[in-house]
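Okay, thanks for coming, everyone. I'd like to walk you through one structure today, so let me put it up on the screen.

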Protein chains: 2
Amino acid sequence: MSSPALAVSRRNRRTPYTDRIETLGVQGYSIVNHTLLPKAFGRTVEEEYWHLRSSVQLWDVSCQRQVEVRGPEAAYLVQMMTPRDLGSAVVGQCLYAPLIDDKAGLINDPVILKRAEDWYWLSIADSDVLLWAKGLALGLGIDVAVTEPDVSPLAVQGPRAEDLVAAVFGDAVQNLAYFRFGLFDFLDRQLVVARSGYSKQGGFEIYLDDSSLGTELWDALWSAGQGLDVMPGCPNLIERIEGGLLSYGNEMTRSNNPLEINLDRFCALDGRIDYIGRPALEDISRNGPAQRSRGVVFDGGPCPACGSPWPVYAAGRPVGYVTSAIWSPRLKRNVALGMIQTGFWATGQSVSVHSADGIERSGSVQAMPL
Amino acid sequence: MSSPALAVSRRNRRTPYTDRIETLGVQGYSIVNHTLLPKAFGRTVEEEYWHLRSSVQLWDVSCQRQVEVRGPEAAYLVQMMTPRDLGSAVVGQCLYAPLIDDKAGLINDPVILKRAEDWYWLSIADSDVLLWAKGLALGLGIDVAVTEPDVSPLAVQGPRAEDLVAAVFGDAVQNLAYFRFGLFDFLDRQLVVARSGYSKQGGFEIYLDDSSLGTELWDALWSAGQGLDVMPGCPNLIERIEGGLLSYGNEMTRSNNPLEINLDRFCALDGRIDYIGRPALEDISRNGPAQRSRGVVFDGGPCPACGSPWPVYAAGRPVGYVTSAIWSPRLKRNVALGMIQTGFWATGQSVSVHSADGIERSGSVQAMPL
């Protein structure tokens, strides 16, 4: 039972790139936002890790659905949804932002693209932010349209990503700063291209806004990458954990608040802006969070996949849990992300990780990135 | 690439029954509400179909998450979310109900359990109704608590389900009417047991409200079923299509309204109750829906799995699409569910189905069940 299959249905939506992904021999998926996320191409996670760190990969991240908030009061609704002060955000900026509910529980952690003063895209992780935004807008009587537009991001990640993207979209993409986007010509359209992505190896995300051009976009990038050792890929678990990139649903759920995941810098706690959950978040801040996201490294040989939280012990008692874990071929240890209680989250704290295979593994708490 | 694997992560949540499901050799999953739905146990869909029609199966449908709406204004919020008139609903009743947005687009189609005058469970299909309900409650200032309680439904389906459930919960379950629930003793708890389920073969759903008892509940049912040819199972695609059981995300999305899926009887259109989307739904009703859900049967040998809608043609032009399809060993034809335009949805209408394998298959529109 090492590799259960994924059942096929329309409900788990195909993307504009799925035909090409299949041709390239995809062997596994995850599901994010009711959409296929390709996860395996017949190479090991280690092989894909080394390749991502040295070359360039194309990732079908169409599952990063956009929640479009547009209209006279768009800025007001988006600000109500996040404790991050968006007052100084400029058009062309990408902003990582926690979304919280009235208890300060995390609803999602999207990248917000400010497309115009009255037009935002929330590029979301795995929860139906559309329903949350629509419910709020309707209930509060806010004058906006909340929709899921036909937008399917394609990520180009790795140290050679800039060469590849420049070959297709022109050298001007080289001038994009980190977490900024611009409009670049493709066929008869202009596409949003951002310097961003879910790795620490550099790269871009192309927000294709016409599904019918999926194959053309894939092929253009694939062709341009033939001299650059391009491969299909996906967010890499080793690289993501080493880089300290948290994942909604894995490292955080609605049970967590933004301070627990170390987003203090994105939480306006001085009353200068209003947002849903502000009183709850201010309360939590006064006492300090009871736990925080931390890296954990541990021994005992390659660990199994982490399908549910593993207890972490210190001084003979439970002090947290690990939520994602894998063997790092570079560090020659298991690397993990988890939540560690106050008093035990200092770098170097000795811990014991109880992995699902029944092994107690000695390790330590570490700052991120690992 | 016939069976891509599903990647393991905490985000795709395990259930209280997953340990037992794994022991029984699960070989495939789908993902519903960020939760594992076991889909294959080493037998063909046909074998499971015949077994479901003759014996009894245990289905881990924990993915049918409950959205609990509780508090002084619970009845008001739930009524605002559905065009079905809940005014005469009684405690102990299950009510299938479309949820719609302000455009009358379908948000979900849960079974609503009325647990008390101020306490509802919405047993949901695959969308985050929790966020919709929370957003509305917060925006409208409705005095309710909206939560996802620790409730994991286990379905017992098939003609021998009553014998099995009675063996564990006592003969009193035999008195439950269809779509009614009661509280029945299990260990030191009382569990909600409903006569309901996602098949037309009869059966029950047990709403376990304590994850720590998952293995005990599974084992009690499994033991009681040893003389009844009990097997693990899951919603069966052949049986579901033949029975005309629609699936949210497959047969309907937010692009559809409740009249299109033939829920006219659950749509109060005379103004006697208020709910979100009423003006939009009344507008649609005045003109009549442009398309309706229909069964389709067609020839050409066993069809492939339907991963995205297949066009349906009549009189040389597109008149709809098929969204779920499979070979029926009983009818010796392919059976399907889809959406057919007005003028072409009459029973017996000749059509041509263009399946993903490139074959044009002749068939006809049919009423449901098939």
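Let's start where the two chains touch: 47 residues of chain B and 47 residues of chain A take part in the contact, where contact means that the C-beta atoms of two residues, placed from the backbone, lie within 7 Å. Before I go on, this is a predicted model, where local features need pLDDT of at least 70 and side-chain atom pairs count only at pLDDT 80 or more, while totals for chains, interfaces and linings use all residues. Residues are numbered from 1 along each chain as its sequence is written, and chains are lettered from A and ligands numbered from 1 in the order in which they are written.

Back to the chain B side. The elements giving two or more residues to it are β1 (5–6), β2 (28–32), β3 (35–40) and α4 of chain B; helices (H or I, at least four residues) and strands (E, at least two) are DSSP runs, numbered from the N terminus. With 8 residues, α4(B) has the largest share. By class, that side has 20 nonpolar, 17 polar and 10 charged residues. Here Ala, Val, Leu, Ile, Met, Phe, Trp, Tyr, Cys and Pro count as nonpolar, Asp, Glu, Lys and Arg as charged, and the others, Gly among them, as polar.

Pairing takes at least two DSSP bridges. Leu6(A) has Tyr29(B) as its bridge partner.

Now, α4(B) again. This helix, residues 129–140, packs with α3(B), residues 74–81, at about 120°, axes 11 Å apart. Axes are lines fitted to C-alpha atoms, for helices over the stretch in contact, and angles run from 0 to 180 degrees between N-to-C directions. Who meets whom? Leu77(B), Met80(B) and Met81(B) from α3(B) meet Ala133(B), Leu136(B) and Ala137(B) from α4(B). That's 6 nonpolar residues, no polar and no charged ones.

Over to chain A, and its open sheet of 5 strands, antiparallel, in the order β6-β9-β10-β5-β11. Why is one side of β6 (94–96) and of β11 (145–147) left without a neighbour in the sheet? Both stand at the edges, so each has a single partner strand. Neighbouring strands are turned by 20° against each other on average, direction ignored.

Inside that sheet, β9(A) (111–116) and β10(A) (119–123) pair antiparallel over 5 bridges, and Ala116(A) has Trp119(A) as its bridge partner. Lying across β5 (66–70), β9 and β10 is α3 of chain A, residues 74–81, at about 130° to β5(A).
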